[in-house]
Amino acid sequence: MMTLRIYHNPRCSKSRQTLQLLEERGLQPEVVRYLDTPPSEAELDQLLQLLDLEPRALMRRKEAEYQELGLDHPDLSREELIQAMVRNPRLIERPIVVHGARAALGRPPERVLDIL
């Protein structure tokens with residue numbers, strides 16, 4: 001059976017809606033509360049590859065940390081941006097659902113159905 005995982009923030013309405021959508025379909029994903037257990041740099045890099053996104057596209061740019069850390073600077077490398085998300089997981093957009101070798105960002109929640 002393929003792994004089904006959701007990087008989840010229970011305080012986020014989109015994340016709750018996405019988890020509910022999966023559960024309504026009889027699916028029981030592994031729930032990763034990424035604020036409590038942030039992904040490693042390698043794991044986040046893999047998620048970005050599966051999502052076919054560059055780091056800034058997965059960053060919550062309206063979070064205070066984004067501005068405070070100067071993450072809008074165009075000279076920052078991919079690795080520096082990934083490190084910033086690992087150290088400050090609130091910057092990671094959510095929810096992310098991974099199913100086997102595919103991933104989707106649950107914005108809107110129905111988008112994750114494309115990878116099931």
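**Exercise 1. Describe the contacts and the overall fold of the chain.**

*Solution.* Among contacts (heavy atoms within 4.5 Å) between residues at least 6 apart in sequence, 63% join residues at least 24 apart. The model is predicted: local features need pLDDT of at least 70, side-chain atom pairs count only at pLDDT 80 or more, and totals for chains, interfaces and linings use all residues. Residues are numbered from 1 along each chain as its sequence is written, and side-chain values use heavy atoms, with hydrogens and water left out.

Next, take the secondary structure, where helices (H or I, at least four residues) and strands (E, at least two) are DSSP runs numbered from the N terminus. The chain has 4 helices and 4 strands, and along the sequence they follow the pattern β-α-β-α-α-α-β-β. The radius of gyration is 14 Å, close to the 13 Å that the globule rule gives for 116 residues, so the chain is as compact as a globular protein of that length. Here the radius is taken over C-alpha atoms, and the rule is 2.2 Å times the number of residues to the power 0.38. Along the principal axes, the C-alpha atoms fill a box of roughly 45 × 25 × 20 Å.

**Exercise 2. State how much of the chain is buried, and examine helix α4.**

*Solution.* Buried means under 20% relative accessible area, exposed over 50%, and partly exposed in between (1.4 Å probe, protein chains only). Buried residues make up 42% of the 116 residues. In α4 (78–87), the buried residues are L81, I82, A84, M85 and V86. What covers these buried residues of α4 includes α2.

**Exercise 3. Find the backbone exceptions.**

*Solution.* Start from the general rule: most residues other than glycine have a negative phi, and most peptide bonds are trans.

- D52, although not a glycine, has a positive phi of about 60°. D52 lies in the loop between α2 and α3 and is exposed, with a relative accessible area of 70%.
- R94 and P95 are joined by a cis peptide bond, with omega about -5°. P95 is in the loop between α4 and β3 (96–99).
- From R107 to P108 the peptide bond is cis, with omega near 0°. P108 is in the segment after β4 (102–105).
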